[in-house]
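Take a look at the sequence and the 3D structure below. Then read on for a short tour.

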Amino acid sequence: MKKVPIFLLLSSMSLLAAAKTINSNSSAELGIENGPAPGFKFENIQISNQEVKARPDRIYYPVTVSGGNPGKCIMLTGYRGLRSYRLSLEDFYIHDACEVEISFDAKTGPNENGKYTPNQLFRIDFRANTDYDRDKHYPMISGFGFRPGSEWKRFSKRFKIKGYTNFYSIWILPGVRQEINTLYLDNFRFVRVDAPVKPQDEYAVTFDKIDSLYRSGEPVKMTFRAILDSQEKLISGKADIRFFHDQKQAASLPVSLTRQPDGIYEGTVLWKPELHGAFAAHLNLKDFTPERIGGDFAIIHDPVDHPRFSPGWALGSNTENGIHFYTGEPLETTFISLVGGVEKTFRDMRLSGQAIGRVWGYWRAVEPEQGKFRKEPLGNTIRMMKKYRIEPVFCLVGSFNTRTNIQEVLKRGRQGFPPYLAKWHKVTKDNRSGVLMVPVQGVYDRYLDFVLNTWRDDVKIWEMSNEPGLLIHPPEGHAKWFIDLCRYTYETIKKAQPDSIVLGNGVTGDFGMNIVGWCQQLNRANPDYVNWLDGVAFHPYNCGLDYMNGMYFRYRDVVRDISNTLKVKKPLWNTENYYLQTAYSKQINYYLNKERFGANEIARQFLDGFLNGVKATMANTPTAFYRQVNVNGLAAPNDVFAATNALSVLLKEMDSVRELPLSRWVRAGLFQSKDGKKALGFLYDMRPSGSTWIPGRASARILDIYGNPVKGMEFKLKFEPYYVTGTPAEVEKLLRNSDFRLQNPVKIRARRFGSTTFFEGRNMTGLPIEIESKIGSLPVQFSFRQDPVRSTIAVEGFQSPLTGVALIPDTPAFSLPAKIELENGSMAEISCKGEELIVKVDVREKNPRVGKVFHEGSCVELFLDDQPFRNLDLNATYPLQFYGTPTGGKGVLKRGKAQKKPFEFQVRKTASGYQTVFRIPVQNKYLGVDLIVTRGDGTKERIKGIRGMSFKERFHYPLIRTGKKDVLKNGYFERTRFGSPDFWFHEVRFGTKFLCAEKSGCTGNGMSVEVTQEQRVPAAVYQRVEFPAGKYRHALLSFFARMEKVKTSSEGKGKHGLFIRALMNRGGQNYAEAFLKKDIVENGGWKLYQIPIELKNNTDFLTVELGLGSATTGKVTFDNIRLELK
Amino acid sequence: MKKMLFALAFTIAAAGFAAEDIRIDLAATTGLVCNSVSKGVTASPAIWMKEKQDQRLLIRANSTPEWKQYSFKITPKADGVIDFNVMSNQKNKNVCYDKFTVKGAVLKNGDFETMNSKGLPDGWSLNQDVLCSEGAASGKHCVRTNHDKRAIQKISVKGGQAVEVTFLAKTAK
């Protein structure tokens, strides 16, 4: 073993005593020599085509080498043919404004050609990545240049940064494009200038395979290298192997870390798994919690081949073709993303189970100058796809769309089209975009002829350019021009390849809100355009999943909406949708963040697509299949990779698919083989909280999202699909006989004030919508749109049994003004004046004695719970504790800490003792209040019958009602004359009847609206409430309703059926139309509804309307209508 | 601002009513309940009166060139007097009315045939130009009204006693 000088050891130790760095592996010691560099990665690299041709299988990554300053260092090789790279460190989230410093040691050496250029420029790029919900541009781009020599030299710079929502990046970039030196880095420190000294406990996991990709049964060797604040020779621990997507443990293996001469602890672990999936290896040490670098890997099935057009064949992505026009020499170099290698890109596609890939056939790549055509570099992509049996979907042209100023575009030189096409540039009517409306004859036909003739043997699926319909106000004749182009393309290709597939249309975006209306434009120009395409390419951005951000079936709806515009139905092909909304948390609005999602999202994208009739899906970018954070030199395949691989394998021999309607919230389907002997079922729960799935009894096998068999009687079903294999009959039997238990979609607790019961629902589903539940046998709909966790409904006169509802024990209830007697004769008078609670306490204590601390002497304590009907699962809320002493001392505490809550306190002597008056601002109608009088001798006097730890708990407090009036008058319809309720009004038309009658309500009188002849307008009762403009932003409306024989003559998407509307300034909200988009027709018994209302336009009024919508007959009766304004 | 809004609401209401030119306003401080209307008739509270909307009921319908019968039934909420305003919804469009019959209360001279000393229909307040002697549905006379030219009568009613009104109306030439 090489002797390591003492100073090296001391250097290592000194790192432990310095400020903790924000970046990882600052010392560069954590990698294995000649292995990858933990904490560093190439996000992209550009290599000459010549070199790529010579070595297509080369993988490019930063390397850990010896010769550091001291110890090891990071080497960024000056590769043969290298033109540029972007070396990136981690994502850095810094939420506070502070000053940071970037510092590092650097030196350079000869490149692979043996060439060395002294004083060569390199750059540090330091930027905050945009959060588009806040900013339009990068909020910060900074950096500096540095010119390292052949000896180590330290470089540093400080930056003042602001806290930001999205991550900061640090990139290292070469400053030249030829003969780039090999760069060495060591001691790369990104620190907060004010950071405290802290041990830099961290460790890196390096695998024996650089691509971190294994097959089942293949041993996985992991080397752990850790910096720990210890001098022990040996530290024992565990290597926890967990599934990445849900952190469930897959294995726990002992690991012994031996302290190396360089001070680093090192140990290896060998795992022979029989599992598949994406995993993360963690080091579990008893006395340390070091941070992890790297350690992500995947174990995949052997890929399978699928027949063309089978479901298994229909999984793909947008292929990395290596051509990026915003870099220099785009056609002479190959751009490699963080996949790390050219051939690796395609090999990984195959290994991940992809059988199709969208290829961008940029016109400029084929005809960079007028009349000069070339096969390369696109030819290389086609060859690679052929080698790895990935069918290309060739996107002709790239895009015809461009900007308004074509000269500026040409000057920048980053366009995907040859410059000579600029002569056909047209600007859109809104002057926001440009488009190249090139002639077919003599221009486009030459491009098409070349492409077709060059690749006709390898390309059988063609896409008619990218997103042609993106222009909001296209130039005159645009749609017709495009249709002519499509027709020519279709006829030309079909002549050469009768069995080929031509995709067109290319509609993009959220079709339901598509202000472009591309399909309508095409139909207006010529609805027969569909005859010149075999399928519709579409890009469902913001609608590419059937569950996203609380919305359901947008993917299904967009497929339906597009199909409905086609004169002749054609299959839809999802050829692009880089972003998938993550199910469990919302992404920051930035392209990099939105391209990162997980196993369940990719699985659902494919499965939802199949169920919605999508022919094939090749929507995502290659980088979606790799971990982009926590990288050890080379991005590891992630759970998207493993889940796609598993799905592809499971789809072996599958031919057709159909949906199985199992429940409202569970999406399920069944693939079947052509011979009818095999099936693959799948299911997932569309609720964030999921459910407990009890599979039906059948002879079928259940597998997890990675195809691992699972056993058990019940499973937690969430967004991650389970798969079921077996014969079609058994698979279907298992699924159809399944039970899904969400025992308690809403957990209900209640508390009473006199005859009013307050029901608080706690949302167990995670869905921010209305959720059905039951109070005893009474159906109730809680709304969780405004508060996704809790919602309260108050019901007057509720008599039914409270089965399944936890009831807070009743306490005395007082309507103000009220007098409350305490145990020993002291009296409290509580009243309310406006928004001021007045509590007057006459204390019987002739000789009060004030203590050093208020509660050690005579005092009056007033405890206030201002939300007595909220958080009913929590008693210990430490309510506000007001106190006053006979000498005028006062204060407010919470949990023993003083609070800044202004209130008035007065005290005066009386014959029997003293009188205190508290005046406290309050806004709520109901309060919980407790009083404790402490005497000088330490004895306490409380409200009769009330006991409890009042400074901490509140459920024992008496309740008071301040006298604030209900917003809606006569909501219980108790005041009625001759069948007409006071304060409620309505129009009468022939065929409508309104009656407020005794005992027709749920708990007394009720108001019925009956329609015997369909009306063109709603029949409704209404009441208007007024308030200061803009005072309230939200409202909650609750009511009982019972529908009898209600039916609609047509589906009104919310306009028919039960009518619930709130009118306000310059608008209104029809609940069913706005939120449900379908009619409410629920005939039967009473149901309690809670409806959210968003107040807009600074409204100073709200008119609540309840009844039956147009085109509806039947009868609905209302009771207990309440409105809460917030 | 509120006045503007109410004026706007009134204008909008009026505009919305424009297609329905037949209009009879029933004003009663007692408050009124509309129980039913015949086909084509709408009975609306006067929304601009806010909480007192039930004190004015607007009976509206579309007139036809020929005489057609309409009816409605109301119940006063208390004893009192109803101002029975026969008018139309627009200033420039006239509607003819004739043969008012009322059950449950007393409406004098519903067919406008009995004249007083001034030569105007007994029991009604109206100007001479409202009285029409051509094309009546029954007898010789009817009334021709618009939004500003009205025929008005006060009717005494009992609380809780339903009042059913039938009348004929047509578009005036």
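## A run of strands in chain A

How many bridges join strand β14 (residues 234–243) of chain A to strand β15 (residues 249–259) of chain A? There are nine, and the two strands run antiparallel. Keep in mind that this is a predicted model. One place to check the pairing is A:R242, which stands opposite A:Q249 in β15(A). The hairpin of β14(A) and β15(A) has five residues between the strands. In this hairpin, A:Q247 takes a positive phi near 65 degrees.

β15(A) also pairs with strand β16 (residues 265–271) of chain A. This pairing is antiparallel and has two bridges. Here A:R259 stands opposite A:Y265 in β16(A). The hairpin of β15(A) and β16(A) has five residues between the strands, and A:G263 takes a positive phi near 90 degrees. In a regular strand, side chains alternate between the two faces of the sheet.

Now find helix α8 (residues 478–496) and helix α9 (residues 518–525), both of chain A. They pack at an angle of about 80 degrees, with their axes 8 Å apart. Angles of 65 to 115 degrees count as roughly perpendicular, so α8(A) and α9(A) are roughly perpendicular to each other.

Which residues make the contact? From α8(A) come A:A479, A:K480 and A:I483. From α9(A) come A:Q521, A:L522, A:R524 and A:A525. By class, the contact has four nonpolar, one polar and two charged residues.

## Where the chains meet

Turn to the two chains together. In the model, 19 residues of chain B are in contact with 11 residues of chain A. On the chain B side, β2 (32–37) and β3 (42–45) each supply at least two of the touching residues. That side of chain B divides into six nonpolar, eight polar and five charged residues.

Strand pairing also crosses between the chains. Two bridges join strand β64 (residues 988–989) of chain A to β3(B), and these strands run antiparallel. A:R989 stands opposite B:T42 in β3(B).

## How confident is the predictor?

For the complex, the predictor gives an ipTM of 0.90 and a pTM of 0.72. Chain B has a mean pLDDT of 89, and 90% of its residues reach 70 or more.

Two stretches of chain B stay under 50 in pLDDT. One is residues 1–9, with three contacts beyond four places in sequence. Another is residues 14–18, with five such contacts beyond four places in sequence. Where pLDDT is low, the predicted coordinates should not be read in detail.

Definitions and conventions. Residues numbered from 1 in each chain as written. Chains lettered and ligands numbered in written order. Contact = placed C-beta atoms within 7 Å. Helix = DSSP H or I, 4+ residues; strand = E, 2+ residues; numbered from the N terminus. Nonpolar A, V, L, I, M, F, W, Y, C, P; charged D, E, K, R; others polar. Pairing = 2+ DSSP bridges. pLDDT = per-residue confidence, 0-100. Axes fitted to C-alpha atoms, helices over the stretch in contact; angles between N-to-C directions. Parallel < 35°, antiparallel > 145°, perpendicular 65-115°, else oblique.
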